[in-house]
Amino acid sequence: MQVWHGIEEVPDDLRASVATIGNFDGVHLGHRSVLGVTIAAARATGALAVAVTFDPHPAAVHRPDDSPVLLTGLEDRLALLAETGLDATLVIRYDLAFAAQAPREFVSRYLVDALHVRRVVVGEDIRFGRDNAGDRETMRALGEELGFAVDIVHDIEAAGTRRRWSSTWVRELLAAGDVEQAQAVLGRPHRMRGVVVHGEARGRELGFPTANLSPASSGTVPADGVYAGWLWRRFGRADAEQLPAAISVGTNPTFDGEVRQVEAHVLGRTDLDLYDEEVVVEFTHHLRPTLRYEGIEPLIAQMHADVERAAELLGVARPLA
C-alpha cells in the first residue's frame, strides 16, 4: 500500500480513485465493512482504492484536554489499513487551518483535484468540513455537482447486541478489562506498541522477569489487571517472533507502587534481553483483577498460577516451574 503524507505526495499522473474518509482508529470491523465496499468498487472499475485519514486525531486538536487515547498509533493504523487490500492511504495533517475549510473546499481540493475521485464511500455518520457542517446529504449534493458517485454504508450492529461497531465501544470494553469482547469488535486482539524500558526489576527478583513498556507507548491501556496474550518482536516483519506472555497492568499494589505500568512476562523465558527494543503486546484474555497480597509468598504463588492459566488459554506448553 502506498502512503501519501499530504496531497503534495500524491502522484500527478494518478488515475481515477474510489475513496473513503475516516479516522479509522483501531480499524475495527465497522471500518473494515466500509473499506471492503471501497475496495470492491475500485476493483470493479479499475480505479485505485484509497483511504483518507487524519493525523493527529481531530479530537486532539479541538479538545486537547479531553481527547480519547487512541486505540492505535499512526504506524499501526497504516499497517492495519494495508492489510485490508487498499492501494493507498492519504494521511492529512489535521490542524485548525485544515479544519476551517468549508465542506465544498475540502471535497474539491482533496478528493476531486488530488485524488481524481470517481466514487466516495462513507458511513452513515460521516461529518466533514468547518464545524462538521458536511454530512452524507452534503456529500451526495457535492457528488452531483462535481461529478462523482456516493455510496452510503449503513451501520452494522454486532450480532446479539444493539450496538454498532465503533472505536468508542472498544475503548469502553478496554476500560472494563474486557479484552475478549474488544477482540470481537476489532476482529483481532488489542495491541500496544512501545519500547522496553528499565523498571524496578522486582519481576526478575521474584523469578518472573518482565518487559516494561515505555509510558510513551501507543495504544489504549486496558483496565488494571492481569492478562494473557502475546509479545511480538520485530512485529510485521518477515522475521517476526511471537512469544506467549502474561501481562500485568497496574501500580504493583503489593509494593505500594504509584506509577501505572504495562509489563509482560514471556512464559518460561528468563534469558531475554529486550531493553531498548520496540515490541508489540497483544491482549487476548483477562485473567484476574489486580490484587494486593500480604507478603511475597502468596504473590509468587499467584504469579505461578497466572502463568499456568495463561499457557492454557494460549495453547502453549506449560512453562517449567
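Predicted model: local features only at pLDDT ≥ 70, side-chain atom pairs only at ≥ 80, totals over all residues.
Reader: How many residues does helix α5 have, and what does it reach?

Author: Helices here are DSSP runs of H or I with at least four residues, strands are E runs of at least two, and both are numbered from the N terminus. The expected span of a helix is 1.5 Å times one less than its number of residues. Helix α5 (residues 103–114) has twelve residues and reaches 15 Å from first C-alpha to last, close to the expected 16 Å.

Reader: Which residues of α5 are buried?

Author: An α-helix has 3.6 residues a turn, so residues three or four places apart point the same way. Buried means under 20% relative accessible area with a 1.4 Å probe, protein chains only. In α5 the buried set includes Phe-106, Val-107, Tyr-110, Leu-111 and Ala-114.

Reader: What do they pack against?

Author: Taking contact as heavy atoms within 4.5 Å, the buried residues of α5 pack against elements including β2, β3, β5 and α6 (136–146).

Reader: In what order do the strands form the sheet?

Author: Two strands pair if DSSP finds at least two bridges between them. Here six strands make an open, parallel sheet, β1-β4-β3-β2-β5-β6. β1 (2–5) and β6 (149–153) are the edge strands.

Definitions and conventions
Residues numbered from 1 in each chain as written. Heavy atoms only, no water. Buried < 20%, exposed > 50% of the residue type's maximum accessible area, 1.4 Å probe, protein only.
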